[in-house]
2 protein chains.
Amino acid sequence: MEKPLILVTNDDGITAPGLRNLIGLMKELGEVVVVAPDSPQSGMGHAITVDNTLYSSRVIVDKEKGAPDEFSCSGTPADCVKLALREILNRRPDIVVSGINHGSNASINVIYSGTMSAAIEAGIEGIPAIGFSLCDYSWNADFTGAHEAIKKIVKEALQQGIPKGTVLNVNIPKTNGKTPRGIKICRQARANWKEQFDKRRSPTGKEYYWLTGEFELLDKGEDTDEHALKNGYISVVPTQFDLTAHHAIQQLNNWSLNEQE
Amino acid sequence: MEKPLILVTNDDGITAPGLRNLIGLMKELGEVVVVAPDSPQSGMGHAITVDNTLYSSRVIVDKEKGAPDEFSCSGTPADCVKLALREILNRRPDIVVSGINHGSNASINVIYSGTMSAAIEAGIEGIPAIGFSLCDYSWNADFTGAHEAIKKIVKEALQQGIPKGTVLNVNIPKTNGKTPRGIKICRQARANWKEQFDKRRSPTGKEYYWLTGEFELLDKGEDTDEHALKNGYISVVPTQFDLTAHHAIQQLNNWSLNEQE
């Protein structure tokens with residue numbers, strides 16, 4: 001049987017340790033091709049490059065025997081997936097995995113996540129896709145504790161497929177190398193960021209801002225990703241790209257929008 | 001009674017005709033403050049600026065008496081809303097309106113839309129928000145046919161509020177100045193883009209790509225935004241930022257994720 005073709009990407013860039021970890025794991029499960037941004041793309045959300053040129057080149061990061069084909073791309077994570085599917089791969093991948101992100105993409109962070117945008121891009125194309133993130137922003141984060149769980153999740157996805165119209169948002173608690181307590185299927189917690197803008201002045205006297213902020217959890221549910229992570233579990237949220245709030249349609253149909261005034 | 005405070009933003013940039021149209025309309029309904037990108041941000045999705053500095057300055061585009069306060073921002077549409085709420089406005093806006101975008105944000109385009117990311121950013125903060133888009137990519141598009149409908153929708157939203165956890169994605173058919181046939185509450189049509197990469201060579205010989213593509217509608221439903229638009233109606237889709245595919249949770253709970261091997 002042909003080995004499954006696994007496309008690996010991320011948003012922290014092609015040299016990020018999280019990506020290198022994921023490549024190593026995926027090599028155990030199939031044939032791996034890497035198409036990843038040539039520079040960090042954190043916070044890019046589902047951006048795509050429409051008014052600019054895109055560059056892509058074959059790169060060699062790993063010189064070991066059996067190292068996968070790797071390509072860097074000047075664009076966003078979503079661009080990487082589009083380019084991989086249309087130009088680089090010669091067959092449709094069996095799964096697309098993105099990450100492992102250095103930092104949480106749980107709860108509202110999914111909205112801003114380049115990691116998840118790559119997975120969603122694949123999902124829109126009908127390809128099973130998973131984004132992995134470790135709740136540790138450090139470049140030297142220890143990803144080993146989650147290695148077995150990541151392989152387990154990808155294996156299940158390859159065997160069972162992923163529910164139609166969804167991709168998986170997997171977040172891993174910071175365990176510094178220890179195995180998490182288990183894996184929980186969750187919903188996205190309600191939360192937001194209380195931004196603070198750090199106002200400074202440039203050497204030439206121009207005012208500028210840095211965006212900073214504090215995460216504010218607004219959800220006391222025990223079925224949320226934040227709850228699972230806080231209790232040492234890996235969270236798996238099925239995430240959809242039909243953004244319609246179907247429950248709200250009836251309410252809006254009561255608005256007076258079509259009466260003549 | 002105090003006039004409602006209306007924050008206006010967009011993704012085509014502060015000088016875009018679509019924004020200028022929307023400002024003119026909103027001045028009839030309340031006190032307007034504009035915080036918009038200093039350059040076009042199309043396709044930015046829900047990107048935010050986390051690894052770079054943000055600049056913002058007061059600008060005067062409109063010199064007429066009663067012209068609103070306007071600020072340009074070097075960031076994305078989502079940045080504009082964050083900066084407006086935390087730094088620029090001295091009270092919470094009653095509504096945030098984004099657009100009028102030059103081009104469709106119906107169906108899957110909502111995922112890539114900077115216009116909608118600004119609205120969603122406000123929605124996350126619990127502020128009623130609406131993104132408006134005209135299905136005409138021309139810079140000289142005629143927005144007048146939709147003027148009355150836009151005011152009607154914003155008035156209803158100010159009076160009734162918007163269903164909790166949602167923002168409105170409003171798309172307007174291209175009518176070249178004629179009034180659309182009416183307004184329909186819809187769901188997001190299933191669709192995707194069949195990308196084609198236009199491969200070229202730079203003057204110095206380096207290969208690069210332009211992202212191009214064709215829109216592919218995968219949905220025959222008559223309750224979709226694409227169906228409404230095709231038939232000359234304005235589409236209103238309640239759009240949510242809880243991306244959980246709740247219906248898929250049960251299916252995933254059947255996966256063997258926590259058994260010992």
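Me: An axis here is a line fitted to C-alpha atoms, for a helix over the stretch in contact, and the angle between two axes is taken between N-to-C directions. In this predicted model, why are α2(A) and α3(A) called roughly parallel to each other?

Reply: The axes of α2 (residues 77-88) and α3 (residues 114-124) of chain A come within 7 Å and cross at roughly 30°. Angles under 35 degrees count as roughly parallel, and therefore this pair of helices, α2(A) and α3(A), receives that description. The crossing of α2(A) past α3(A) is right-handed.

Me: Which residues make that contact, and what makes some of them nonpolar?

Reply: On the side of α2(A) they are A:Pro77, A:Ala78, A:Cys80, A:Val81 and A:Lys82, while α3(A) brings A:Gly114, A:Thr115, A:Ser117, A:Ala118, A:Glu121 and A:Ala122. Since Ala, Val, Cys and Pro are among the residues that count as nonpolar, Lys and Glu count as charged, and Gly falls with the polar ones, the contact has six nonpolar, three polar and two charged residues.

Me: Why is one side of β3(A) and of β8(A) left without a neighbour in the sheet?

Reply: Nine strands of chain A form an open sheet with mixed pairing, in the order β3-β4-β2-β1-β5-β6-β7-β11-β8. β3 (56-59) and β8 (183-185) of chain A stand at the edges, each with a single partner strand, so one side of each has no neighbour in the sheet. From one strand to the next, the twist averages 25°.

Me: How do you know that β3(A) and β4(A) pair?

Reply: Two strands pair if DSSP finds at least two bridges between them, and β3(A) is joined to β4 (residues 69-73) of chain A over four bridges in the antiparallel sense. A:Ser57 stands opposite A:Ser72 in β4(A). Two helices also touch strands of chain A: α1 (residues 17-27) packs on the sheet against β1, β2, β5 and β6 of chain A, its direction making about 145° with that of β5(A), whereas α2(A) lies across β1, β2, β3, β4 and β5 of chain A at about 135° to β2(A).

Me: Is A:Asn176 buried or exposed, and how do you know that?

Reply: A:Asn176 has 9 other C-beta atoms within 10 Å, and because a residue with 12 or fewer counts as exposed, A:Asn176 is exposed. A:Asn176 lies in the loop between β7 (166-172) and β8 of chain A, and its phi is near 50°, a positive value in a residue other than glycine. Most residues other than glycine have a negative phi.

Me: What makes B:Ser107 count as buried?

Reply: B:Ser107 has 27 C-beta neighbours inside 10 Å, and the term buried asks for 20 or more, so B:Ser107 counts as buried. B:Ser107 is found in the loop between β5 and α3 of chain B, and its phi, at about 45°, is positive although B:Ser107 is not a glycine.

Me: Which residues of α1(B) are buried, and what covers them?

Reply: In α1 (residues 17-27) of chain B the buried ones are B:Gly18, B:Leu19, B:Asn21, B:Leu22, B:Ile23, B:Leu25 and B:Met26. Their cover includes β1, β2, β5, β6 and α4 of chain B.

Me: Where in chain A is a cis peptide bond, and where in chain B?

Reply: In chain A a cis peptide bond joins A:Gly99 and A:Ile100, with omega about -10°, and in chain B one joins B:Gly99 and B:Ile100, with omega about -15°. A:Ile100 is found in β5 of chain A, and B:Ile100 lies in β5 of chain B.

Definitions and conventions
Residues numbered from 1 in each chain as written. Chains lettered and ligands numbered in written order. Predicted model: local features only at pLDDT ≥ 70, side-chain atom pairs only at ≥ 80, totals over all residues. Axes fitted to C-alpha atoms, helices over the stretch in contact; angles between N-to-C directions. Parallel < 35°, antiparallel > 145°, perpendicular 65-115°, else oblique. Left-handed = near helix turned anticlockwise from the far one by under 90°. Contact = placed C-beta atoms within 7 Å.
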